Amino acid sequence: MTRKWTPRHETPEPLEANDVAIVTGGTIVWFVLFLVQLPFYGWFAARGHSWWIWSCLAGAGLGTVGIWYVRKRREALRRHRSDA
């Protein structure tokens, strides 16, 4: 007979972090990696690794979308807190 697991303690509140700074930092890292690898495109292409460069650019592009998302989320959370 299996017994259902029940928690013994209350679930703690989630930690708040500066999401915008974290995502912005990651985006900058991806873009810098793209720029550092760009002069070596021929070397990467000759060895079949040009996808490394484009992966860094994709990371920077997705990070840009992420910055937009977390800024909108932060604003929505602030509005929600001020309404309550």
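The chain's secondary structure comes to 3 helices and 0 strands, where helices (H or I, at least four residues) and strands (E, at least two) are DSSP runs numbered from the N terminus. This is a predicted model: local features need pLDDT of at least 70, side-chain atom pairs count only at pLDDT 80 or more, and totals for chains, interfaces and linings use all residues. Residues are numbered from 1 along each chain as its sequence is written, and side-chain values use heavy atoms, with hydrogens and water left out.

**Exercise 1. Work out how the chain's radius of gyration sits against that of a compact globule of 84 residues.**

Step 1: The radius is taken over C-alpha atoms, and the globule rule is 2.2 Å times the number of residues to the power 0.38.
Step 2: That rule gives near 12 Å for a compact globule of 84 residues, but the chain has 21 Å.
Step 3: Now look at the box: the C-alpha atoms fill roughly 60 × 50 × 15 Å along the principal axes.
Step 4: As for burial (under 20% relative accessible area is buried, over 50% exposed, in between partly exposed; 1.4 Å probe, protein chains only), buried residues make up 15% of the 84.

**Exercise 2. Sort out the ring pairs that link Phe 31, Phe 34, Tyr 41 and Trp 54.**

Step 1: Rings of Phe, Tyr and Trp (its six-membered ring) pair if their centres lie within 6.5 Å; planes under 30 degrees apart are stacked, over 60 edge-to-face, the rest tilted. The structure holds 6 aromatic pairs.
Step 2: Phe 31 and Phe 34 are a tilted pair, because their planes sit at 35°, with ring centres 6.1 Å apart. These two are 3 residues apart in helix H1 (residues 19-37), so about one helical turn separates them. Phe 31 is partly exposed at 38%, whereas Phe 34 is buried at 9%.
Step 3: Tyr 41 and Trp 54 pair edge-to-face, 6.0 Å centre to centre with 65° between planes. Tyr 41 is in helix H2 (residues 41-46) and Trp 54 in helix H3 (residues 51-83), so this pair ties together parts 13 residues apart in sequence.
Step 4: Put together, ring pairs link the four residues into a cluster.
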